[in-house]
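Here is a short report on aromatic rings. Look at the model first, then read on.

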Amino acid sequence: MMQRVVTAELLDGLDANDPDAVRSRLDLRRVHRAMGTRAILLSGLKALAAKHPKDRPLRLLEIGAGDGSLMLGVAQALTPTWSRVDLTLLDRQHLLDKTTVDRYAAVGWTAVAQVVDVLDWAAASVSGTWDLVVANLFLHHFQGVQLDAILAAIALRTSRFFACEPRRDWLALAGSHLIGAIGAGAVTREDAVSSVCAGFNGNEITALWPHGDGQWQVQEYSAGLFSHCFRAERPDLRP
Ligand SMILES: C[S@@+](CC[C@H](N)C(=O)[O-])C[C@H]1O[C@@H](n2cnc3c(N)ncnc32)[C@H](O)[C@@H]1O
């Protein structure tokens, strides 16, 4: 098994409006198509939200959400099954534009940006709980006490969590080296390789998850050619 190595990604060091960053975020949409991310998220989220009562909106938080375009595709695919969703898109950069917010509104979702470093969010005293928290291509940026703190904060604020991360294996590594073939620019080409090296495998997230009182049911599995998923749920915190 490849050793997990976390390094800073180029995109994270760029200003939101830097042309290389703008290009890389557009590349990411193509990467998601190649990875089949939307279908993976749809199946994970549908399973977790199945028991949510229909008489109140689902409070959904995405951490490390980027420009919100990935979740918008999910929202559109879920229409009209899920029509009442209050979505918060947390990212340390302000990347959510009005057009995207309007597109969410067109399918009945409210979308708001929360611009904060996830580590500050994790350290803050708990304010509000979420019906469902999702992370996509995000947890792999972290390791050690930082990753522990993020997972602990999630477990404190929700009873359902789904993560879809790069799978750290030789197939994904080979794929990441070939990403130029789908037109990805220099930043994405380098970050794709870094992401796989920092990705997850086996039961690595399960081993880090704060199982607390033992009520959590967790599942960790490979999805598609290049993804690694983790889901956790427990009986609802709310009455
Ligand atoms: C690889 S992108 C993934 C975006 C989106 N989830 C997707 O899959 O398309 C990672 C995102 O995490 C954000 N990010 C990185 N470090 C962060 C931090 N410490 N706190 C909050 N957001 C962070 C970046 O700004 C970026 O938008």
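Is W82 buried or exposed? At 13% relative accessibility, W82 counts as buried. Buried means under 20% relative accessible area, exposed over 50%, and partly exposed in between, with a 1.4 Å probe and protein chains only.

## About the model

This is a predicted model: local features need pLDDT of at least 70, side-chain atom pairs count only at pLDDT 80 or more, and totals for chains, interfaces and linings use all residues. Residues are numbered from 1 along each chain as its sequence is written, and side-chain values use heavy atoms, with hydrogens and water left out.

## A stacked pair

The structure holds seven aromatic pairs. Rings of Phe, Tyr and Trp (its six-membered ring) pair if their centres lie within 6.5 Å; planes under 30 degrees apart count as stacked, over 60 as edge-to-face and the rest as tilted.

Take W82 and W109. Their ring centres are 6.3 Å apart and their planes lie at 15°, so this pair is stacked. W82 sits in the loop between α3 (69-78) and β2 (85-91), and W109 in strand β3 (residues 109-115), so the pair ties together parts 27 residues apart in sequence. Helices (H or I, at least four residues) and strands (E, at least two) are DSSP runs, numbered from the N terminus. W109 is buried too, at 1% relative accessibility.

## An edge-to-face pair

Now W209 and W216. Their ring centres are 5.1 Å apart with planes at 90°, so the pair is edge-to-face. W209 is buried at 3% relative accessibility. W216 is buried at 8%. Ring pairs link both into a cluster with F161 and F230.
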